[in-house]
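Dear colleague,

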Amino acid sequence: MDPGTHFAFGTHPHHGFVASATSNMPAHLAHWFLVREQFEPVPDQPGLFRLTEPERDGTRRTRQAVHDLRQLGYAVHADVAVDPVASASPPRPVRPNGLSERRSRIAQAAGRSPQQRSAPTTSAPTVRPIPPKPSYAPTVHLPAASTAGRSR
């Protein structure tokens with residue numbers, strides 16, 4: 001085991017999935033992390049923790065604990081059976097819903113430089129057009145108003 005290791009995970013014939021902290025990890029901090037990862041202290045064996053309810057998807061939960069602690073920056077040693085890196089599951093099949101094709105198109109569009117982008121086919125006019133002046137002046141004929149019939 002690497003001298004910088006903080007946690008060790010494995011299997012035990014009587015306790016199932018177990019974990020322990022090395023001397024590089026303070027005991028109270030190791031206890032805090034392992035309890036939050038659903039491990040409990042084993043009575044009469046200080047420093048040893050077992051997974052609570054190992055029959056409830058124990059392998060996956062132990063792998064998740066290993067993964068979580070590594071994500072937090074801790075060095076974790078794990079047996080092959082519970083190491084998510086060593087026992088990686090096969091890749092998931094691609095669903096035929098077109099999502100990967102859509103992502104590919106988006107990635108290609110994002111990778112284009114501004115010079116490669118096509119200009120829009122129509123553009124909004126910048127100013128409102130002014131109608132042309134008529135070439136003639138219309139003549140308006142008003143009826144003649146008579147002032148004789150008006151009274152003041």
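Aspartate 57 has a relative accessible area of 43% and is therefore partly exposed. In this predicted model, its side chain meets that of arginine 60 in a salt bridge, with 2.6 Å from N to O. Arginine 60 is likewise classed as partly exposed, because its relative accessibility is 44%.

By the rule applied, the count of salt bridges comes to 4. One of them joins arginine 56 to glutamate 53, with the closest N and O atoms 3.1 Å apart. Arginine 56 is partly exposed at a relative accessible area of 43%, and glutamate 53 counts as partly exposed at 43% relative accessibility.

Another salt bridge is formed by arginine 50 and glutamate 40, whose closest N and O atoms are 3.0 Å apart. This pair links distant parts of the chain, since arginine 50 belongs to strand S4 and glutamate 40 to strand S3 (residues 39-41), 10 residues apart. Arginine 50 counts as partly exposed at 24% relative accessibility; for glutamate 40 the value is 30%, and this residue is also partly exposed.

Arginine 50 also has a place in the strand pairing, as it stands opposite valine 18. Strand S2 is joined to strand S4 (residues 48-51) by 3 bridges, and the two run antiparallel. Strands S1 (residues 7-12) and S2 (residues 16-21) pair in the antiparallel sense over 6 bridges, and a hairpin of 3 residues connects S1 to S2.

I would also draw your attention to threonine 62, which lies in helix H2 (residues 58-71). Is this threonine 62 buried or exposed? Threonine 62 counts as buried, because its relative accessibility is 0% and the cut-off for burial is under 20%. A polar atom of the threonine 62 side chain lies 2.8 Å from the backbone oxygen of glycine 58. Apart from neighbours within four places in sequence, threonine 62 is in contact with Phe9, Phe17, Phe39, Leu51 and Val82.

As to the chain overall, the protein chain has 3 helices and 5 strands, and from the N terminus on the order of elements is β-β-α-β-β-α-β-α. Of its 152 residues, 22% count as buried. The protein chain exposes about 12400 Å², of which carbon and sulfur atoms supply 56%. Among contacts with a separation of 6 or more, 41% are between residues 24 or more positions apart.

With kind regards

Methods: Residues numbered from 1 in each chain as written. Predicted model: local features only at pLDDT ≥ 70, side-chain atom pairs only at ≥ 80, totals over all residues. Heavy atoms only, no water. Helix = DSSP H or I, 4+ residues; strand = E, 2+ residues; numbered from the N terminus. Buried < 20%, exposed > 50% of the residue type's maximum accessible area, 1.4 Å probe, protein only. Contact = heavy atoms within 4.5 Å. Areas by Shrake-Rupley, 256 points an atom, 1.4 Å probe, with all protein chains shown as cover. Polar contact = N/O pair within 3.5 Å; in protein donor to acceptor, adjacent residues only side chain to side chain. Pairing = 2+ DSSP bridges.
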